[in-house]
Amino acid sequence: IDTGTKRHMAGSGSDGTEDSDSSAEREQTNSSESDGNMPKRQRLTRASTRLSQSSQVFLISAVYHYGGVTSFPSDTPDLKRAADHDESPPLTPTGNAPSSESELDISSPNASHDESQAKDQANRDSDKDLSHRPKRRRCHETYNFNMKCPTPGCNSLGHLTGKHERHFAVSGCPLYHNLSADECKVKAISREKQEEEVKAQEESNSRHATRHQTPTSKQSKYKEQVAEIRKGRNSGLQKEQKEKHMEHRQTHGNTREPLLENITSEYDLELFRKAQARASEDLEKLRIQGQITEGSNMIKTILFGRYELDTWYHSPYPEEYARLGRLYVCEFCLKYMKSQTILRRHMAKCVWKHPPGDEVYRKGSISVFEVDGKKNKIYCQNLCLLAKLFLDHKTLYYDVEPFLFYVMTEADNTGCHLVGYFSKEKNSFLNYNVSCILTMPQYMRQGFGKMLIDFSYLLSKVEEKVGSPERPLSDLGLISYRSYWKEVLLRYMYNFQGKEISIKEISQETAVNPVDIVSTLQSLQMLKYWKGKHLVLKRQDLIDEWKAKEIKRGNSNKTIDPSSLKWTPPKGT
């Protein structure tokens, strides 16, 4: 090999200039030639020339794995060979070119670094690189302990359920509910004992539930005790109690729950406390599962028409809207907005005054519109998101095409205002006539829920089918359906003139599923097992009580008139 060629290869940089240590390499080359033992030298690329400040190259690679660092020693043959043959700059563990000297360490030939020193230097350099990176969140407890309960003066210790050591939301704060952490634990123990006793009692009675319709002596005694407790409650607060309640409200304002003692009976107050603890436990499970983030991504209130509504549950609105805590919704097209200014501008140009679709029922100011989820997809999706704010078990949000939505409205001179709705599958294999049903909070306890249920069964009668709601029902939905089934059966009994009654005939005439009829008869204690047969008892006291309520109610507009229905069952969809 010509000496000039070697000098050009080893001593010239990529830009044609001579490197700083080229003289050292020429001295080594001349000395090796003088000895006659000149080894063959491999061709150096641009990258190896740029990196080789010495005959020994230390290449340190940091591997990130859950915050840990692994360093490779400098004498690893594979790494040295890769450095000699790779023409591109070495990559950092993130896949990008190195941005600092800490990601690439080059030592001089005269440095006396051994392998352990190289490892220590690698660890120090890698720690320097990792200092600017966010720490990996190991579990939800790490995140929770950085949070704090928003209640003033609370240290986040304890939980309303008595099962957790800490809380981070008002729903689980003992201080907000005027309790202490120890009191919550004591109440939790007593609730568990009561639940175990109830379960044991239910298991003992489950085998012969149909045969023993009359309450046991223990149940009758308990019912009498509850009635006695409720009779003995105070009819009103005394002067001292009123002053105490007012002082508590003036001192704490909305940061504490109002005092509930002496407002109702101890039995009803305990039932309310149990419901609070159960709701708090459900919210805790959702928070642990990551479905909601306490206090940040849960909509608290919505402005809907002339009403401001407090929400009950989490709804999967987009994060940019959910994190605001307050949502503005157009009551006609159900479009959701971020501010009242945007809502005001939208209302000025919104042309909708009623839901889309066909009006299939009208009597007085009440109308029902049939909306196809396939034709009006955006409206139905917005309706489902709105409904989830007030429903616990609802899971349908975006896949609305297989459903029909029946939206009930109340009309005035400004338009048709949303009262409630129910959805129904176009082709239900189990003949469900309702998939989801909701009455808006401002229209609850006014008879609109029974109207929606009655309208769903009216559609089943026109279809000549027997219908039933899809399970599971929400708590309020179950109460409404049981009340409706009870009213239907008592009305049928009142008008029935025959001697023998058949559950099948009741089902065909009312379109109510036989299973729902039997469960309602059992709850009314009108079904008895005698001599191998099930007999339906006509309890005249219940019928007379229902008739008295009907007369007292009078001619109310909260009833469905079948003659006002203009609807034909949809054919193949």
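A disulfide here is a pair of cysteine sulfur atoms within 2.5 Å, and a search of the whole structure turns up 0 of them. If the word is new to you, a disulfide is a covalent bond between the sulfur atoms of two cysteines.

Quick note before I go on: this is a predicted model, where local features need pLDDT of at least 70 and side-chain atom pairs count only at pLDDT 80 or more, while totals for chains, interfaces and linings use all residues. Residues are numbered from 1 along each chain as its sequence is written, and side-chain values use heavy atoms, with hydrogens and water left out.

So, is Cys-330 buried or exposed? Buried, at 0% relative accessibility; buried means under 20% relative accessible area, exposed over 50%, partly exposed in between, with a 1.4 Å probe and protein chains only. Cys-416 counts as buried too, at 16%.

Now over to helix H18, residues 540–553. Helices are DSSP runs of H or I, at least four residues, numbered from the N terminus. H18 reaches 20 Å from first C-alpha to last, close to the 20 Å expected, which is 1.5 Å times one less than its number of residues.

Which residues of H18 are buried? Leu-542, Ile-543 and Trp-546. Looking down the axis, the buried residues fall within an arc of 100°, so they line one face of H18; that arc uses directions from the helix axis to the C-beta atoms. On the other side, Ile-551 and Lys-552 are exposed.

Notes:
Helices (H or I, at least four residues) and strands (E, at least two) are DSSP runs, numbered from the N terminus.
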